[in-house]
Amino acid sequence: MPDPAEPFDVTLLDPIAAAPELERLFRLSGEVLLSRHPAWLEILHAALGHRPICLAVSKAVPSGVEPADWSSPWAAVLPLALVHGPLFGRFLVGLPYVNYGGALGDRKATARLIDRAAALADSFAVRYLELRHEEAVEHPALSARLTSKVHMRLELPGSADALWKAFSPKVRNQVRKGERLGLTVHWGGEPLLREFYAVFCRNMRDLGTPVYPRSLFARILQRFPGEAELCVVRRDGRALAGGLLLHGRGVTEVPSAASLRPFHWTNANMLLYRHLLCRAIERGQTVFDFGRSTVGGPTHRFKRQWGAREFPAVWQYYVRRGEISDMRPEGGKYRLFIAAWRRLPVFFTRLIGPWIVRGIP
């Protein structure tokens, strides 16, 4: 007989039907990042068409305890999304769009969950299974890893004034320039989505990257009222920069932010981030997560100037076909595609971008 206090079985859950129990486990786990919330399975399915998959290691209910009184029937869960499209094939990812993934809950159950995830990767005939870990998990199936990116985080002081004093003179001067030009900062939810998305689409086109659908951001705002919000910076009524914030327990993340390149001289992006950081402090947060960056790249240098430090990002893979570099833009394989995409009209990239990006892990 298994010990009722220990996990003993791996179950394939219906993530939608099990949503209340999954959210309870998320709250009990002590996880601080909103990007680890199980509701992302629902969001990614609705907005991108990914098939939501959730593996769970169950616990037996101890003798004499009513199921309703048991803290959670699951010792650990592993949220996954089956990503598929006509251009690139199939992938099993935990999870697309967000920066963090892997098992949630009892770490001792991780090996069993990865065993089952690898078996699912075989049954779905995917190119690879990708798990977005912060620390490497030793498992024989995870034979490849990507460590070229890092998470950039800043420990926040107790006040906006202390934050301002910690900035370099260069950063303070750039922020002041935006203020002198009369830039205004606006906060809200879906009423700001049109402006934010217009800036985001233009910026993604300029980067040579297919854009996510507007419905993704709408779903995030709808699913996390009070925890997700938009910030838009305007000049003379026109949006020049915008960002999406996710407020977890003590940690604020910025998974998406953008600014218009022709208006970089206004320092709208600098003013944006100054206010994003202040917003996190206003909400009593202790850490600001800028997202991941390639070491030495432009975004890495941008985040370093705010005082952010590097933390590991270890993406691990069970590869069934091809190489993990096949889908990495920095590998050079898509250089011509990126160059051509940058020359397309924004309205066209906005039309076909979501169709393409839903198939990219």
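**Note on cavities and a pocket**

1. Two strands, β12 (251-259) and β13 (287-294), each supply at least two residues to the lining of the second largest cavity. The model is predicted. This cavity has a volume of about 60 Å³. Its lining consists of S35, Y97, V98, N99, L246, E253, V254, P255, D289, F290 and G291. Sorted by class, that lining has six nonpolar, three polar and two charged residues.

2. In total, the structure holds three cavities of 30 Å³ or more. The volume of the largest cavity is about 80 Å³. Two or more residues of the lining of the largest cavity come from each of α1 (19-29) and α2 (39-48).

3. The residues around the largest cavity are P15, I16, A19, L22, E23, H37, P38, A39, L41, E42 and R223. They divide into seven nonpolar, one polar and three charged.

4. The elements that give two or more residues to the lining of the second largest pocket are β5 (104-105) and β6 (128-133).

5. How do the residues of the lining of the second largest pocket divide into nonpolar, polar and charged? There are six nonpolar, six polar and six charged residues in the lining of this pocket.

Definitions and conventions:
Residues are numbered from 1 along each chain as its sequence is written. This is a predicted model: local features need pLDDT of at least 70, side-chain atom pairs count only at pLDDT 80 or more; totals for chains, interfaces and linings use all residues. Side-chain values use heavy atoms; hydrogens and water are left out. Helices (H or I, at least four residues) and strands (E, at least two) are DSSP runs, numbered from the N terminus. Ala, Val, Leu, Ile, Met, Phe, Trp, Tyr, Cys and Pro count as nonpolar, Asp, Glu, Lys and Arg as charged, and the others, Gly among them, as polar. On a 1 Å grid over the protein atoms alone, a cavity is a set of points where a 1.4 Å probe fits but cannot get out, and a pocket is an open set with protein on both sides within 12 Å along at least five of seven lines; lining residues have an atom within 4 Å of a point. Grid points are joined across faces, edges and corners, and a volume is the space filled by probe spheres set on the points.
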